[in-house]
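Please view the sequence and the model together while reading.

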Amino acid sequence: MNPMGITEKRQRLLRALPGVDAILLAMANDTDFDHIPRAVKVRSVREVLDDCRRIILDDANRADASLFGQAALLKRIGQVVRRHMALNLSRVVNATGVIVHTNLGRSLLAEAAISNMAAVAAGYTNLEYDLTAGHRGSRYSAVADIICEISGAEAALVVNNNAGAVLLCLSTLADGREVIVSRGELVEIGGSFRIPDIITRSGCILREVGTTNRTHLRDYDQAIGDGTALLLKVHKSNYSIVGFSAEVSLPDLVRLGKKRRIPVMDDLGSGTFIDLSTFGLTKEPTVQDTVAAGTDLASFSGDKLLGGPQAGIIVGKKEYIDRIKQNPLTRALRIDKLTLAALESTMHLYRDPRKAVESIPTLRMLSLPLQVIETRAQQLASMLEKINCSGLHVRIVRKSSRAGGGSLPIQDLESRCVAIRIDTLTAQFIERTLRHSRPAIIGRIEDESFLMDVRTLSENDFDLILTAITALFQRHANE
Ligand SMILES: *Cc1c(COP(=O)(O)O)cnc(C)c1O
């Protein structure tokens with residue numbers, strides 16, 4: 001079509017689009033839209049009309065009057081309305097192989113934690129009531145007791161998340177004074193949590209020491225002065241410095257702190273109570289190791305390797321924890337009863353480490369033996385092969401899973417993926433369609449195939465995947 005023709009066609013199509021009021025009137029006579037709030041209807045109509053205008057302006061060659069007739073518009077508006085009326089936060093199937101996937105909600109809770117949460121949600125609780133004494137009690141004392149029992153710490157406190165925990169510790173111990181950190185540990189975690197920024201926002205002054213690849217004890221020693229309030233060690237979480245590198249061990253830093261009378265804090269990031277080397281993974285210092293080293297304060301997340309709810313856990317010397325409790329920020333960062341219920345149950349499981357590994361999904365997935373993964377991959381692959389459709393190719397491929405959540409950044413966990421390819425469809429189309437199904441199935445594309453890592457799948461997920469892929473075929477066949 002010549003440019004003149006396109007301009008005319010655009011104008012004709014734009015003029016033919018009905019107005020919002022006319023569409024609302026048509027919707028009033030359509031039972032599909034009964035009981036839909038007016039605001040939702042208006043918003044949906046506007047979205048669809050905007051989209052139509054965009055198609056007409058950007059892609060006039062493709063734009064066809066039939067796309068914009070009343071029936072077609074109402075059908076599209078109906079889809080948009082349904083999307084707006086549905087709850088947004090919903091279950092997804094994690095086929096990424098990343099166990100602690102921050103975008104997908106990090107850790108799944110253990111059964112015991114889920115049922116405790118439900119029980120606590122449904123009734124009144126002794127959240128801040130001491131049943132023995134019959135008067136007001138502390139929201140934190142029970143969970144703090146069990147964290148101390150398992151970690152060996154003198155005292156503990158739980159707040160909203162580890163970012164909050166770090167902020168709170170820094171603001172309590174070092175407000176207006178210097179915090180010494182190695183240049184190799186000035187981490188950005190993602191979601192804009194950066195150690196230098198958090199130090200500044202806590203009212204402290206960052207004093208960097210050492211170099212990116214090498215920091216020595218004398219670097220810390222020489223930096224200590226009258227203004228020094230804290231020596232901070234930060235877990236590198238999502239990167240690793242290899243080659244010509246050196247860092248100061250926590251015990252050495254603690255010895256220096258004792259000698260110079262400066263408290264030492266360890267931001268453990270993920271934090272684990274289980275020695276991961278027992279599963280053949282890289283040895284990470286446990287929370288118990290950190291406490292035993294004599295650290296004054298340590299903080300870690302509740303929903304990373306610990307496998308509990310979102311929380312920031314602080315353990316350490318009683319004198320410091322007591323000071324933190326007095327900080328008004330503690331109230332601003334307090335956890336709610338549901339988190340507390342889930343965290344307390346999760347911590348109880350750690351009393352028997354074997355039981356913890358069996359019943360806490362994050363640890364179970366992390367320690368899954370390769371033979372089990374292999375068997376599950378074969379199971380899923382044979383389920384998919386039974387889908388009666390030509391052009392579907394199912395294979396099992398060797399890949400690696402990841403711990404995620406800023407833990408074990410360079411550890412590859414050997415795993416198996418079920419890869420699907422469909423002759424007439426692109427991997428991008430498969431990925432998008434499965435992501436749009438409910439529950440959404442999140443995998444990845446490699447070598448023109450759609451890959452699903454079975455490490456992070458439960459057996460329930462297999463049926464969901466089968467249903468979604470079957471539906472994909474049926475829809476495709478009807479189109
Ligand atoms: C993940 C992480 C944090 C932030 O923890 P959240 O629980 O996500 O707030 C802080 N420090 C380190 C080193 C981390 O790895």
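This is a predicted model: local features need pLDDT of at least 70, side-chain atom pairs count only at pLDDT 80 or more; totals for chains, interfaces and linings use all residues.

At roughly what angle do the axes of helix H2 and helix H3 cross?

**Helices H2 and H3**

- Two packed helices are described by the angle between their axes and the distance between the axes.
- The axes of H2, spanning residues 20–28, and H3, spanning residues 38–58, cross at roughly 125° and come within 10 Å.
- An angle of 65 to 115 degrees would count as roughly perpendicular and one over 145 as roughly antiparallel; H2 and H3 are therefore oblique to each other.
- The crossing of the two helices, H2 and H3, is right-handed.
- On the H2 side, the contact is made by Val20, Ile23, Leu24 and Met27, while H3 contributes Arg38, Lys41, Val42, Val45, Arg46 and Leu49.
- By class, the residues of this contact between H2 and H3 comprise seven nonpolar, three charged and no polar ones.

- Asn162 belongs to helix H7, which covers residues 162–174.
- Asn162 counts as buried because its relative accessibility is 7%, and the cut-off for buried is under 20%.
- A polar contact of 2.9 Å links the side chain of Asn162 to the side chain of Ser299.
- A polar atom of the Asn162 side chain also lies 3.4 Å from the backbone nitrogen of Phe300.
- Leaving aside residues up to four places away in sequence, Asn162 touches Asp267, Gly269, Ser299, Phe300, Ser301, Ala311 and Gly312.

Notes:
Residues are numbered from 1 along each chain as its sequence is written. Side-chain values use heavy atoms; hydrogens and water are left out. Helices (H or I, at least four residues) and strands (E, at least two) are DSSP runs, numbered from the N terminus. Buried means under 20% relative accessible area, exposed over 50%, partly exposed in between (1.4 Å probe, protein chains only). A polar contact is a pair of N or O atoms within 3.5 Å; within protein, one must be able to donate a hydrogen and the other to accept it, and residues adjacent in sequence count only if both atoms are side-chain atoms. Contact means heavy atoms within 4.5 Å. Axes are lines fitted to C-alpha atoms, for helices over the stretch in contact, and angles run from 0 to 180 degrees between N-to-C directions. Angles under 35 degrees count as roughly parallel, over 145 as roughly antiparallel, 65 to 115 as roughly perpendicular and the rest as oblique. A crossing is left-handed if the near helix is turned anticlockwise from the far one by less than a right angle, and right-handed if clockwise. Ala, Val, Leu, Ile, Met, Phe, Trp, Tyr, Cys and Pro count as nonpolar, Asp, Glu, Lys and Arg as charged, and the others, Gly among them, as polar.
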